[in-house]
Amino acid sequence: MVRHPIAPVYDKHSNILILGSFPSVKSREQGFFYGHPQNRFWRVLAAVYGDEVPQTVEEKKEFLLQKGVAVWDVIASCEILGSSDSSIKNAVPTDLSDILAHTPVRRIYVNGKKAEQLYRKYQEKQTGIKAVCLPSTSPANAAWGIERLTEAWQVIRDEAVG
């Protein structure tokens, strides 16, 4: 069983929540979300907001909070082979109640189909919020280039402060 080692990022101004499935091996090593250099999450968000791509963990946290974006994952612990979402078994969901109780989050987005499937299974009933599924920024989603991802992810800019 692998435990999620990264705390959620949010503050009292976060009004959208982006949920991934579970951190990759690289993210777990770095201790922060979307740490694999091939993952396009940070490049896509920077493009959506017309900003430079944040590099350090502190820059990434500051970027998210400035934009009103909270980030966490759907799964708190699971059995997983490497970074493969398709290998996730015996998932234990994260508890989103603290984030939702202490923020004005009004929209939840999930990063990819696996996060959507897990959110629907474990958390949608508790939150009462339907998640909007965005195309995965993972390098495994090779069918979507950076431009196409950025276009699809533009929807978050309309919801968040920034």
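At what angle do α2 and helix α3 (residues 57-66) pack, and how far apart are their axes? I looked this up to get started, and found an angle of about 40 degrees with the axes 12 Å apart.

**Before going on**

I am working with a predicted model, in which local features need pLDDT of at least 70, side-chain atom pairs count only at pLDDT 80 or more, and totals for chains, interfaces and linings use all residues. Residues are numbered from 1 along each chain as its sequence is written, and side-chain values use heavy atoms, with hydrogens and water left out.

I take helices (H or I, at least four residues) and strands (E, at least two) as DSSP runs, numbered from the N terminus. Axes are lines fitted to C-alpha atoms, for helices over the stretch in contact, and angles run from 0 to 180 degrees between N-to-C directions.

**Entry: α2 with α3**

I noted that α2 and α3 are therefore oblique to each other; angles under 35 degrees count as roughly parallel, over 145 as roughly antiparallel, 65 to 115 as roughly perpendicular and the rest as oblique. Their crossing is left-handed (the near helix is turned anticlockwise from the far one by less than a right angle; clockwise would be right-handed). Next I looked for the contact, meaning heavy atoms within 4.5 Å. From α2 I listed Trp-42, Leu-45, Ala-46 and Tyr-49, and from α3 Lys-60, Phe-63 and Leu-64. This contact of α2 with α3 has six nonpolar residues, no polar ones and one charged. Here Ala, Val, Leu, Ile, Met, Phe, Trp, Tyr, Cys and Pro count as nonpolar, Asp, Glu, Lys and Arg as charged, and the others, Gly among them, as polar.

**Entry: α2 with α7**

I then turned to helix α2 (residues 41-49) and helix α7 (residues 146-153), which pack at about 60 degrees with axes 9 Å apart. That makes α2 oblique to α7. The crossing of α2 past α7 is right-handed. On the α2 side I found Phe-41, Arg-43, Val-44, Leu-45, Ala-47 and Val-48, facing Ile-146, Leu-149, Thr-150 and Trp-153 of α7. Sorted by class, the contact of α2 with α7 holds eight nonpolar residues, one polar and one charged.

**Entry: aromatic rings**

I counted six aromatic pairs, taking rings of Phe, Tyr and Trp (its six-membered ring) as a pair if their centres lie within 6.5 Å, with planes under 30 degrees apart stacked, over 60 edge-to-face and the rest tilted. The rings of Phe-32 and Trp-42 have centres 6.1 Å apart and planes at 20 degrees, so I wrote this pair down as stacked. Phe-32 lies in the loop between α1 (25-30) and α2, while Trp-42 lies in helix α2, so the pair ties together parts ten residues apart in sequence.

**Entry: the parallel sheet**

Which order do the four strands of the parallel open sheet take? I read β3-β2-β6-β7, where strands pair if DSSP finds at least two bridges between them. The edge strands are β3 (69-73) and β7 (131-134), each pairing on one side only. The twist from one strand to the next averages 25 degrees. Strand β2 (residues 16-20) and strand β6 (residues 107-111) run parallel and are joined by four bridges. Ile-18 stands opposite Tyr-109 in β6. Helix α5 (residues 113-122) packs on the sheet, touching β2, β6 and β7, and its direction makes about 130 degrees with that of β6.

**Entry: the antiparallel sheet**

I also found an open sheet of three strands, ordered β1-β4-β5 with antiparallel pairing. β1 (2-3) and β5 (89-93) stand at the edges, each with a single partner strand, so one side of each has no neighbour in the sheet. Two bridges join β1 to β4, and Val-2 has Cys-78 in β4 as its bridge partner. Strand β4 (residues 75-79) pairs with β5 over three bridges.
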